[in-house]
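Please read it alongside the sequence and coordinates.

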Amino acid sequence: MVVPPLPMHAVFQTFRSLVSCLVSLLGFAALAAHAEGTQRGPDAFAALCETRLPPVEIRVLTEQELPPLDLTRSAAELAVLRKQPLKAGEVVVGLTQVRQRYDMRWSYQGLRERNGARSCIRSRIEVKLILNQQVYVATEFPAGTCGYDEVLAHEQRHVAANLAQLEKTARFVEDSLREQEGGAAPWMGEPAALRETVLERARVSWMAQLEANFHQVDREHAIIDSVEESQRYRQLCNGEMARTLRGLMGKDGAKGR
């Protein structure tokens, strides 16, 4: 939540550090079964794989926790934490930080010919999108005051927008995986080769677009931070908000900001 200099309007912003990625592709123990005989010809094993192996399994999950609330930092400290330049006279009175990461796990189920010559497998893919948020309210708006309630309510709108976008991003990832992997025929070969193939397809598709997809929430943040909303906030709390903001801007002016 950033309050600019007069004229009387405030701008509210969400700070985001996006995206940290964690990929672990795990080859779990296969559900390996010996195919019954190979005397029926080379195509018989492929047909057996098609009928005996379960379909490709794809799961996309989300994980988020209630964002912790930090009430120990002043508006000046939040301006530093924001890590983005402020215009002259702007004041940061609230801040929401965001970090998104993902964990991709790969395993398989497979069959192997009795003579060990060939194997076939189908993937099991699980992706977890993890969202961590941290909310700050400047110490100039102490808990129990109307101004504190309004700043916190504003930041919670950013939190809710990020959570909603996380679910949309999860559906994007799931749709991409199902399009690429869902209808795949059994892989005739060793697990390591399929694992690398799946990962490479992910790298050039949904992994490459993940950050941009989550950034679609910027449109919602812009609405939350609109000039009209900023003007409304200055009129709240029977003048408490306006008085506190004027005091903060006076301090900044004394510092030459």
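The points below are grouped by topic and refer to a predicted model. Strand β8 (residues 119-137) has 15 of its 19 residues buried. The largest nonpolar core has 29 residues, and the structure holds 2 aromatic pairs.

**Pairing of strand β8**

- β7 (residues 94-113) and β8 run antiparallel and are joined by 19 bridges.
- Leu-95 lies opposite Tyr-136 of β8.
- The two strands β7 and β8 make a hairpin with 5 residues between them, and Gly-116 in the turn has a positive phi of about 75°.
- β4 (57-64) runs parallel to β8, with 8 bridges joining them; Val-60 is set opposite Val-127 of β8.
- Strand β5 (residues 69-70) pairs with β8 in the parallel sense over 2 bridges, and Leu-69 stands opposite Val-135 in β8.
- Strand β9 (residues 187-188) pairs with β8 in the antiparallel sense, also over 2 bridges; Trp-187 in β9 is the bridge partner of Ile-121.

**Nonpolar cores**

- Among the 29 residues of the largest core, those touching the most other members are Met-104, Val-127, Leu-129, Val-173, Leu-177 and Trp-206.
- Two or more residues of this core come from each of β4, β7, β8, α3 (146-182), α4 (191-204) and α5.
- Helix α3 gives the largest share, 6 residues.

**Aromatic pairs**

- The structure contains 2 aromatic pairs.
- Tyr-102 and Trp-206 form an edge-to-face pair, because their ring planes are at 65°, and the cut-off for that class is over 60 degrees; the ring centres are 5.4 Å apart.
- This pair links distant parts of the chain: Tyr-102 is in β7 and Trp-206 is in helix α5 (residues 206-214), 104 residues apart.
- Both partners are buried: Tyr-102 has 4% relative accessibility and Trp-206 has 0%.
- Trp-106 and Tyr-108 have ring centres 5.6 Å apart and planes at 35°, so this pair is tilted.
- Trp-106 counts as buried at 1% relative accessibility, and Tyr-108 is buried with a relative accessible area of 15%.

- Trp-206 is one of the residues that touch the most other members of the largest core, and its ring pairs with that of Tyr-102.
- Val-127 is also among those core residues, and Val-60 stands opposite it.

Notes
Residues numbered from 1 in each chain as written. Predicted model: local features only at pLDDT ≥ 70, side-chain atom pairs only at ≥ 80, totals over all residues. Heavy atoms only, no water. Phe/Tyr/Trp six-rings, centres within 6.5 Å; stacked < 30°, edge-to-face > 60°. Helix = DSSP H or I, 4+ residues; strand = E, 2+ residues; numbered from the N terminus. Buried < 20%, exposed > 50% of the residue type's maximum accessible area, 1.4 Å probe, protein only. Core = buried A, V, L, I, M, F, W, Y, C linked by side-chain atoms within 4.5 Å. Pairing = 2+ DSSP bridges.
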